[in-house]
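The following exercises are intended for a reader who meets this structure for the first time.

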Amino acid sequence: MFERDRIASLSDGTDHPHPEGSRSPKNRYHPAAVPVLLSASSVSKSFDGVRALREVSFDLNAGEVHALVGENGAGKSTLIKIMTGAEHADAGALTVSGQVVPRMTPAMARSLGIVAIYQQPSLFAHLSVAENIALSLETGGVWQRVDWTGRRRRALALLEEAGAAIDPDRLAGTLSMPEQQMVEIAKAIGAHAKIVIMDEPTASLMDAEIERLFSVIGLLRAQGGGIVYISHRLEEVFAVSDRITVLRDGEAVATQPTADLDRSALMQTMVGRPLKDVFPKRSIALGECALELRQLSNRALGLHDVSLSVRGGEVLGVAGLVGSGRTELAETIFGLEPADAGEILLRGVPLHIESPLQAIQHGIGYVPEDRRRHGVVLEMAVASNASLASLGAVSSYGLIDRNAERRSAESYVERLRIRTPSVSTEVGALSGGNQQKVALARWLSIGPQVLILDEPTQGVDVGAKAEIHALIQDLAERGLAIIMISSELPEILGMSDRVVVMHAGTVSGVLSRSEATQHRILSLALSAASPDAAPGPSSSVSREGHGVD
Amino acid sequence: MASTDRATSHAREWSVASAIAALTLVLAVAAPGYFSWENLSDLLLANLPVLLVAIGMTLVIITGEIDISVGSMFAVCAVASGILAKTGVPIWIAGAAACLLGTAFGSLNGALVAYLGIPSIVVTLATMTALRDGLRWATEGAWVQDLPSSFQWLGLTQGQYPLVATIAAGLITAAFALGLRHLAAGRAVYATGSNPLAARLAGLDPSAIRTSVFAILGALTGLAAVLNAARFNQIPTNGGIGLEMKVIASVVVGGASVTGGTGSVLGTVLGVVLLAAIGPALTFLGVSAYWERAIQGAVILVAIAADGIRRPSFRRLAGVETGARA
């Protein structure tokens, strides 16, 4: 069985030195015997009406590593933010060491011994390592005298405990990512953290450093601390955790002892929603090959040897984890960061795309991922946003004809069912789904041949989502070739004619509509190594690909 | 002219216009002498150069940048045109040369900002100092004197000059007002200031746009320098000191936000009028002239504070961005 093989290869191929030796034998989970360090019960949180967490309950015992897994956008980061006080839950209770905390703040979290280590270390680049460590540990007023030698000594001791040979006098900005991560860990040790939350801590680490990290985890748990461990790398999760909680669509769908789970069952739980019938796929006759990429590479963006093609009328889904190179692929095609090797062919004709303007002139449109930051100009009216890429079409003799612009915008408002008081309304005043439709209108007005959509329904409510899906199909029906990047597997499966899966900056597999399953996509996304390929060199490449988004 | 770009359309223009109307009313009652022909035409002629520079500055501020070198640029362009005029070239060539020189300085500022990514306040602080001291070094502080008669009043009669200068400044103002609203290039200026990334993704070239607005500001500064120089029979080497502050203040009072993306030529015109009218008004009202700057400062503070209160979209944006999702 194909999937089974692939999953088996995950454990055999990319295995890390098993950290079993570096810590005491895995504690079996004994709920009654150990004190609960932290518990969140029935926590809910919404952003702008979009549910990020729904009645999630989670608890962490002393001496335990509790892994939190789930797809992108499942709610892991939101849950962490609530635990550390960066966000406040709309409903639910947080209890730390048996004490109910009605309103957590970052300062309170620190005094309660909660420390978070993120994928992206947050050090002060212009201060030395010793100062960075001191800043997080020293208390007292701003007028106290700085004990430089003491700071240095303590930094050295903590770094040693973390197993890192870093000169405490170096500026944090000169450290490599893994070194910065080790400084963060030293900070956590120094804070005598009782609860350490690690969000993708190994994304930038190499094998040896991961091993060290695991021994630090062993140390922390031996001191009675608890660790919340978040990782996309299931092999690590299995190696290090005692219990696993799976988040899916903002809900905690399972909490089980790690020993009772296997990889396959875990992945099933992560993706396991039944495909709802919200994406009625129409059958559309496919046209000519619209866009073809041959061995496209972009060293600056960590993209290499991407080959794919998309035909007119086709929806090509692009799946992959955050950092796998999906957005980078879109940016390369669109000329934001031109490719340094390989070919882009539009209807069989090789193109050189050096800038977004050239891409637009060739009929390529791009609706970017973060629409508030890149997609729309919030302070401009709906009409001016819609016409921004096609001002020529609403101008005569070089002058913008405001009536023509208004009429054009009104026709899009009607066609795309954009809910706005008028086309003169600032886009910033509209809801997320409607902003996205305005971004779409801009690209429709250039009469595109190829449309790249990056997370087209992220942060959009269910109703608008269905409308956007219907729109995508309308566009495909009119012969557009559509490349749809999405982290939502049901969206990918429901909308795509074919699915390209990316991993570590390249395509790790292409699945036809009939072949594509959530399980297969996830397997391809988690590892580029095919069952018969040698795993050696690819594992270090895959390390570097993370943390880009 | 109804703006289609902002829900709060023309709110600022209306409040500045009301302030001007209130000032006019007070003066009409308390100091009718303010409205004498001599006073008004003096006021107009003295502020036409400020208006021209302010229009260029409006473009720069809409793109989210700033240029504090205009005062120095103004002095250099004036001196250059005077020296050229003394060699006997026709006045229009001396004038064109001043504009070109301004364009060159502006382009340099713009290119440093747009292509090297140096903050505009730093770039123009450097060029401000370099131009000012360069001029002092080159002229050794000597004013340009014995200007040919063809230079004074631009070769026109003293009666014709105000009319021609006013019409020229009016045409330029109208052209920029229309251009910002109705040219694709004008739209590009707003888009660049509001969201450079989105502008780039829409196929615009924010770097070229930034360079261009600085170049335009330079050209207008050169023109303003010549218009101003023609009113006197000698050209000081320390001209234009404090011009940048007057100009930036007028633009900001006129409703342009220093964070970019908003502003209008009409607002700037009103801002220039308000700030220009206040100073002499104090003298007419018997208030000590020492208060002039303080009151100008107060007007600017009120305008900026109004910005913070008036802009819900900014607060909404800030609130949402801290609420990042999982």
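This is a predicted model: local features need pLDDT of at least 70, side-chain atom pairs count only at pLDDT 80 or more; totals for chains, interfaces and linings use all residues.

**Exercise 1: Confidence in chain A**

Residues are numbered from 1 along each chain as its sequence is written, and chains are lettered from A and ligands numbered from 1 in the order in which they are written.

Task: State where in chain A confidence is lowest and where it is highest.

Solution. Step 1: the average pLDDT of chain A is 82, and 85% of its residues score at least 70. Step 2: confidence is lowest in helix H19 (residues 536–544) of chain A, with a mean of 35, and highest in strand E20 (residues 481–485) of chain A, at 95. Helices (H or I, at least four residues) and strands (E, at least two) are DSSP runs, numbered from the N terminus. Step 3: residues 1–28 of chain A also have a pLDDT under 50, and the model has 48 contacts beyond four places in sequence for them.

**Exercise 2: The fold of chain B**

Task: Determine how many helices and strands chain B has, and compare its radius of gyration with that of a compact globule.

Solution. Step 1: chain B has 13 helices and zero strands. Step 2: the radius of gyration is taken over C-alpha atoms, and the globule rule is 2.2 Å times the number of residues to the power 0.38. Step 3: for 326 residues a compact globule would have a value near 20 Å, and chain B agrees because its own is 20 Å. Step 4: the C-alpha trace of chain B spans about 75 × 50 × 35 Å along its principal axes.

**Exercise 3: Burial in chain B**

Task: Explain why helix H10 of chain B is described as largely enclosed.

Solution. Step 1: a residue is buried if 20 or more other C-beta atoms lie within 10 Å of its own, exposed if 12 or fewer, and partly exposed in between, with C-beta atoms placed from the backbone. Step 2: 48% of the 326 residues of chain B count as buried. Step 3: in helix H10 (residues 243–253) of chain B, 10 of the 11 residues are buried, so the helix is largely enclosed by the rest of the structure. Step 4: the buried residues include B:Leu243, B:Glu244 and B:Lys246.

Notes: pLDDT is the predictor's confidence in each residue, from 0 to 100. Two residues are in contact if their C-beta atoms, placed from the backbone, lie within 7 Å.
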